Amino acid sequence: MKDTDFSKLRLSHAHGVLTVTIDNPPVNVLDVALMSEMSRLLLSVRDDPNTRVLVFQSADPEFFIAHVDMTLIDEPHAFDELARNAPEGLNPFQAFGELVRSQPQVTLVKLAGLARGGGAEFVAAADMAFAAEGRAGLAQCEALMGITPGGGATQYLTSRMTRGRALEVILGADLIDAATAERYGWINRALPAAELDAFVDRLARNIAALPAGVIAAAKQAMPVPDLRAGFCREHDAWAGLFTCPAAEQLIRGGLKAGAQTKEGERNLEGLLRGLGV
């Protein structure tokens, strides 16, 4: 795989570590193109013995992955092809998270900016995540759009934190800072911003340098839980709300007010709370 194979990703490979830099301006919205490229990349390296660790970062210091593309409200069939390729019982967003979660390589997120909605679900699906203090933030902001998370958050978060904290994240819909995310269990560590790159790079290289078979053995010994029944419940809850008038009004209103622009995304929660229904 080369950079020229992708338009939304930049790739760098060294010492068994593939660094994937997400570059989908203006705010790295998780749209069809980005999800398709990320999925294609993950599948292409699954059996690559020279790739032992995947590090995901962003070309934009402010935004990791903003959230799923809100224009889905106007293009309900945009994700149809991805849905057709999803495993039975999973919607395309859940299938994307499960592709990350089942990757045989170790997956690390280097979070220097903001990740909301589907972006925050991507962080939770990865094996490990490390975030910059004072700069990184995570949010499941779907409730402010009149819906609930539909890409795995209801299942991933309850395996990382208490039910009460997961409900706080989902229903409170606030932007959670790196230190709080660490305390809740959403991420591994919050680090000073100046130390984030060096820490993640060192950890990735150390893991990639382990003797053959160690990574696979460790991941097989700690299997991911089977969440299929929970995913069905999550999808039904999300899909049932997505078609309601309140969701359409809030999502369209959010786009009109500046969501998916840099300025609007800097305070998305405030923007959405100001819309009302």
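View 1. Tyr184 is buried, with a relative accessible area of 11%; buried means under 20% relative accessible area, exposed over 50%, and partly exposed in between (1.4 Å probe, protein chains only). The model is predicted: local features need pLDDT of at least 70, side-chain atom pairs count only at pLDDT 80 or more, and totals for chains, interfaces and linings use all residues. Residues are numbered from 1 along each chain as its sequence is written, and side-chain values use heavy atoms, with hydrogens and water left out. Tyr184 belongs to helix α7 (residues 178-184); helices (H or I, at least four residues) and strands (E, at least two) are DSSP runs, numbered from the N terminus. Leaving aside neighbours within four places in sequence, Tyr184 is in contact (heavy atoms within 4.5 Å) with Arg160, Met161, Arg165, Glu168 and Val169. Met161 and Tyr184 are 23 residues apart in sequence, and their C-alpha atoms are 5.8 Å apart in space.

**View 2. The open sheet.** Four strands, in the order β4-β6-β8-β9, form an open sheet with mixed pairing (two strands pair if DSSP finds at least two bridges between them). Because β4 (63-65) and β9 (176-177) each have a single partner strand, one side of each is left without a neighbour in the sheet. Strands β6 (residues 114-116) and β8 (residues 137-139) pair in the parallel sense over three bridges. Ala115 has Leu138 in β8 as its bridge partner.

**View 3. The largest nonpolar core.** This core has 72 residues; a nonpolar core is a set of buried Ala, Val, Leu, Ile, Met, Phe, Trp, Tyr and Cys residues joined through side-chain atoms within 4.5 Å. Helix α1 (residues 32-45) supplies the largest share of this core, six residues.
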